[in-house]
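Dear colleague,

I am passing on the structure that follows, together with some notes on what was found in it. Please read the notes with the model open beside you.

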Amino acid sequence: MPTWLLALPQMLFGPTALTGQILGSLCTLSAAMIFANVVRQIWGKHNASIALLAGLCITFYNGRLNYYNHNVLLMLCVSLSAYCWWQISTTGRTFWWIALGASAGLGMLSKYQYLLVAGPSAYMIWQLKPWRSQQQLRGLGLAILTATLLFLPHLWWLLHQDMANSPIQYALKTSRPEFLQTAIPASNRLHSGIWLMDLLFNRCLPAILFLWIVQTLRKSINTDQCGNSAGLSGTRFLLVWGIFPSLSITLLGLFLGMDLQMQWGTAFAIWTIPPLMMLLRLHQKQLHPKQTWMVLSVFVAIQSALMIHSYETSAFGCCAQPASTRWRLFDSPTIARELSDSAHDAVGGRIEIIVGPASAAGAVAIAMDDHPKILIDGNLKISPWIDPEELKKPGVIQLWPPHTGPAAQTKLPSGWGWSFYLPSAETN
């Protein structure tokens, strides 16, 4: 679905970086606003504002507000699902069951990681007990039917793919699960703890700092602000959505030996804010109106510090780390200019396809006037936008990071290199 959603604006406005950046910003901000709306209905608008500002301090979002990828779209689908579950618990309307099914189907089309919503969803079903109400049971059936109808065409396509190169195999390969082996290495268990610590005390650290400062400014109140319906506590609802997904990811690493990727927390990190607020008892405190500007000033100060840090550690700053294959840490416009000057005449005047790592080759392609297509890692199975016959035409080159590739490649001043691409049997 991320590709489908991007296709229309790309056709209208061309393959520019700005198109994806705007779409990514809209997805992230929409998900954040849906999250804030749920908190507002449960804890009130003041707490919702604090939760929203804290959520935007998480480095998955402020430093990557212009990102557009499957994790960003998954974040929107997760927020929509949580919102639908809360509406179901408070209104019981059939419409929200159907909307839940739609968000679930679209979530699975965004990324299979949407399955982590199963934990909170199972809890909601257990709390609501829809089998006791014919209307609720019908709603649950409609939700399952809607999700199935949306995901079924993709599932049918999956079943007809070569399993050796299918998206499922690709997902298993990138996560490198160890459950097919006899034992899970201790390093995987250790990495699971590191992943959770990174989420809470690295990605969420600016948010924790913001909440701690706000906590010192607010005063306690005795009002119970928890929403409830059919015995379901609003505070418990937020606690479940804040803890279950992140805990599930950690357990996947502990017991299945999966190599947890740091970005897997993107879709769920903002939901950790309510549990953090509960830990500081912020949901039981209120802010004096005169302190509002002080809170906003703290938010702006944290965002400014994060922006400065992001710039100075990028390819354009003074403190960039030597990690040339990470697109954020290399100067893609400079490499694109060097590649154009070096390769244009050799390939016949226009570069049509770049073969290489998705992130690096994609960033360079966007910065080039030719806007060539990308053959990811030379694999047509995960680059369906390229016809095999196109690889036989002029203008197909392979991009090599520094210190890699054949000796016959043409070196660029930046240390990167390029060579003519020779299709292999594995490509097809």
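**Notes on the model**

Gln136 lies in helix α8, where helices (H or I, at least four residues) and strands (E, at least two) are DSSP runs, numbered from the N terminus. This is a predicted model, in which local features need pLDDT of at least 70 and side-chain atom pairs count only at pLDDT 80 or more, while totals for chains, interfaces and linings use all residues. Residues are numbered from 1 along each chain as its sequence is written, and side-chain values use heavy atoms, with hydrogens and water left out.

Gln136 has a relative accessible area of 14% and is therefore buried (buried means under 20% relative accessible area, exposed over 50%, and partly exposed in between, with a 1.4 Å probe and protein chains only). Leaving aside its neighbours within four places in sequence, Gln136 is in contact with Ile88, Gly92, Trp97 and Pro130, contact meaning heavy atoms within 4.5 Å.

For the protein as a whole, there are 16 helices and nine strands, and buried residues make up 47% of the 428 residues. Of the contacts with a separation of 6 or more, 72% are between residues 24 or more positions apart.

Helix α6 (94–110) has 17 residues and reaches 24 Å from its first C-alpha to its last, close to the 24 Å expected at 1.5 Å a residue (the expected span is 1.5 Å times one less than the number of residues). Its buried residues, among them Trp96, Trp97, Leu100 and Ala104, pack against α1 (2–13), α5 (70–91) and α8. Helix α1, for its part, has twelve residues and reaches 17 Å, close to the 16 Å expected, and is followed by Gly14, whose phi is positive, near 90°.

The second largest pocket has a volume of about 410 Å³. A pocket here is found on a 1 Å grid over the protein atoms alone, as an open set of points where a 1.4 Å probe fits, with protein on both sides within 12 Å along at least five of seven lines, and lining residues have an atom within 4 Å of a point; points are joined across faces, edges and corners, and the volume is the space filled by probe spheres set on them. Of the 20 residues that line this pocket, the closest to its centre are Ala104, Tyr114, Ala143, Ile144 and Ala147, and the elements that give two or more residues to the lining are α6, α7 (118–128) and α8 (134–159). The lining divides into 16 nonpolar residues, four polar and no charged, where Ala, Val, Leu, Ile, Met, Phe, Trp, Tyr, Cys and Pro count as nonpolar, Asp, Glu, Lys and Arg as charged, and the others, Gly among them, as polar.

With a disulfide taken as a pair of cysteine sulfur atoms within 2.5 Å, the count comes to zero. Cys27 is in no disulfide, and the nearest cysteine sulfur, that of Cys77, is 8.5 Å away. Cys27 counts as buried at 5% relative accessibility, as does Cys84 at 4%.

Two loop residues other than glycine have a positive phi. Asp377, with a phi of about 55°, lies in the loop between β6 (373–376) and β7 (396–400) and counts as exposed at 58% relative accessibility. His403, with a phi near 70°, lies in the loop between β7 and β8 (410–411) and is exposed, with a relative accessible area of 80%.
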